[in-house]
Amino acid sequence: MYILIYSWQIMAQAEKKGGLLRRSSASKKPLKEKVVLMYDEIFTTEDPSKCNPRFWEELFLMKVNLEYLEGKLESLDGEELMKIKDNINCLFQRCIRALAEEHPIRVVNALQTLCALIRGVHQKNKSTSGFDIINMLMGFDKAELCMKNLMESLDTLLCSEGSESLKSLCLKLLLCLVTVTDNISQNTILEYVMINSIFEAILQILSSCPSRREHGYEAVVLLALLVNYRKYESVNPYIVKLSIIDDEATLNGMGLVVGQALSEYNRQYKDKEEEHQSGFFSALTNMVGSMFIADADEKISVQTNEAILLALYEAVHLNRNFITVLAQSHPEIGLVTMPESPVPTTPVTPLGTTPPSSDVISTVELPLDADVQTSNLLITFLKYSSIVMQDTKDEHRLHSGKLCLIILTCIAEDQYANAFLHDDNMNFRVNLHRMPMRHRKKAADKNLPCRPLVCAVLDLMVEFIITHMMKEFPMDLYVRCIQIVHKLLCYQKKCRVRLHYTWRELWSALINLLKFLMSNETVLLAKHNIFTLALMVVNLFNMFITYGDTFLPTPSSYDELYYEIIRMHQSFDNLYSMVLRLSTNAGQWKEPASKVTHALVNVRAIINHFNPKIESYAAVNHISQLSEEQVLEVVRSNYDTLTLKLQDGLDQYERYSEQHKEAAFFKELVRSISINVRRNLAFNTISQEALLKEFSTIS
């Protein structure tokens, strides 16, 4: 009966605009719709149920007018709002009571009304403390009970086998609660969300294929945000619980949601790339500009993925069991079972301009190479990283690249992750995106070899090193990049893994980086301590010199290392001259420069030992310019007389620590994500007709 009544009301309201029914004739004033009249009664100092005992029952049968309700709240000043505080409290409590009712239309309207109330009151009271907001919404004396009942109702709705539309609205309400302030740690209402946990409900969504397909994206974003509530100030139960999950279905579900979101971004980027290659904008530099700078929507799409990237980071950083999810192979086509009905029951509201809505979650990653048969989350993430790390000229993209490198740092430190990264039996063809450069041709995708995944990580690091030597030098990203390479080498040395990799590309990139630091010494020293980075690069060479015989694939690889050092001796000589000059002065760079001077001892020993012998060989054989093979012959013949110093600590590193070094970065990142999620949350996109149809089929 209610449904019939409601259907009639919807038909009557179908022609309304801006909270008003259209005029029946030119002479009559437009009539306010009934729900607006009822809102007006709430915004008086009188109890609206005095004259109409059925007021609250009728209210939740009315289609919510979100715009009017939020606008009305925002239009009142502080004094006016305080005068109707009792009615606002009563409306909030009645909404919570309606959530427990069997009638789904009442529940939908109660959820939407709660969202409007929370947003409207917060918008009006942005400058006030969280405690004022709590008092205005529900009253201090009833806040604890109200929030307990609200969280229990939301938990029940999320865990039930009922309406997907209701579950979607529950998640939107929770996201509204979490992101209603820019800094989520200042949102005092979240204390009640910590006490009355919905963690298990989120896990249930992720572990169930149908629920994950419909709501996985919002559930993962919600979890990532909740984990970041006062994470450095108090014990956050969501952090504790996330760190100990060992259920395979849940972890895999989380990995699938993250993987699909990143895959969709990769696919969109590739489509955009091909579109510009075939169109008027054939120059790839123009493509990068139009995709990430000129087009605001495309720029926002990167922000959207930061939420998913944050979720991936928290999972990798907090839960060691999640590392196994990174390596699980699956076909790139048919990644996820398609839904029985291709059209979801309710449209999924995007959390950004290009979010993975339910249709995207069902879409598999399109293989970038026809020969690639299998993929995994790590490969998808590496491809994603290769895109976002191409251009780091503005602060937003710089932060995206930084988060990718932080995730790779956590992976590079993990023993199990290193085991599968270096596993010879797990070979993949990983097509990373490369920045267009004039002096190199675009690599043919089909020529990519199948290799252990660590090769793709090293390729990504080499690619970053050679493509970001620019005026606005991203020093922090370079330091992280070199640290990742160092950590991988430490594992290889420790476990004696002989990786068949084109090490010359890495050595060449590192030497070119040193040359860049030297040629831009004055400009860079005005902003950065370049000697920290130079020392790290030199110590990578020391690592190869001291321990290379334990992890380089062949003896000839070790010979090639010496050849590269000798061939590029001028660069090392120039570096030594520069650091010697600064270390003998009494300036601020004396100490860091002197560290580089000491670190160069073995590199200089190699150069000073072999160069005279190479010159002698050339003179004796009357050769003006020696070939590579001839130089290598001299090197092999003179190892015995070379003396090197043993340097301590080359295979040691400081482990990643978020709280001590990255707290400010994550605080700003979560703030950015919170603003973006709130901006793109929509509660009025659910079709009332679709709801009625859905509810009419629920027994």
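Modeller: With a pair of helices: H21 passes H34 in a left-handed crossing. The model is predicted, and the values below are computed from it. Helix H21 covers residues 395-413 and helix H34 covers residues 663-680; they pack at an angle of about 125 degrees, with their axes 12 Å apart.

Colleague: What does that angle make H21 and H34 to each other?

Modeller: Angles from 65 to 115 degrees count as roughly perpendicular and those over 145 as roughly antiparallel. H21 and H34 are therefore oblique to each other.

Colleague: Which residues make the contact of H21 and H34?

Modeller: H21 contributes His399, Lys402, Leu403 and Ile406, while H34 contributes Phe665, Phe666 and Leu669. By class, this contact of H21 with H34 has 5 nonpolar residues, 1 polar and 1 charged.

Colleague: How do I read the crossing of H9 and H10?

Modeller: Take the distance and the angle together. Helix H9 (residues 140-159) and helix H10 (residues 164-179) have axes that come within 9 Å and cross at roughly 140 degrees. H9 and H10 are therefore oblique to each other. The crossing of H9 past H10 is left-handed. On the H9 side the contact is made by Met147, Leu150, Met151, Leu154, Leu157 and Leu158, and on the H10 side by Leu166, Lys167, Cys170, Leu171, Leu173, Leu174 and Leu177.

Colleague: How many residues of each class are in the contact of H9 with H10?

Modeller: There are 12 nonpolar residues, no polar ones and 1 charged.

Colleague: And at what angle do the axes of H24 and H27 cross?

Modeller: They cross at roughly 15 degrees and come within 10 Å. That makes H24 roughly parallel to H27, because angles under 35 degrees count as such. H24 also passes H27 in a left-handed crossing. The contact includes Tyr478, Val479, Ile482, Gln483 and Leu489 of H24, and Leu533, Met536, Val537, Leu540 and Phe544 of H27. Its residues divide into 16 nonpolar, 4 polar and 1 charged.

Colleague: Now for the empty space. How is it found?

Modeller: Rolling a probe the size of a water molecule over the atoms shows where empty space is left. In this model, the second largest pocket has a volume of about 620 Å³. Its lining has 23 residues, and the closest to its centre are Val479, Gln483, Met536, Glu654 and Lys661.

Colleague: Which helices each supply at least two residues of that lining?

Modeller: H21, helix H24 (475-495) and helix H27 (530-551) do. The largest share, 7 residues, comes from H24.

Colleague: Which residues line the largest cavity?

Modeller: Ser386, Met389, Gln390, His433, Met435, Leu460, Glu463, Phe464, Thr467 and His468 line it. Helix H23 (residues 453-467) gives the largest share of this lining, 4 residues. The lining residues of the largest cavity divide into 4 nonpolar, 5 polar and 1 charged.

Methods
Residues numbered from 1 in each chain as written. Predicted model: local features only at pLDDT ≥ 70, side-chain atom pairs only at ≥ 80, totals over all residues. Heavy atoms only, no water. 1 Å grid on protein atoms, 1.4 Å probe; cavity = no way out; pocket = protein on both sides within 12 Å on 5 of 7 lines; lining within 4 Å. Nonpolar A, V, L, I, M, F, W, Y, C, P; charged D, E, K, R; others polar. Axes fitted to C-alpha atoms, helices over the stretch in contact; angles between N-to-C directions. Left-handed = near helix turned anticlockwise from the far one by under 90°. Contact = heavy atoms within 4.5 Å. Points joined across faces, edges and corners; volume = space filled by probe spheres on them.
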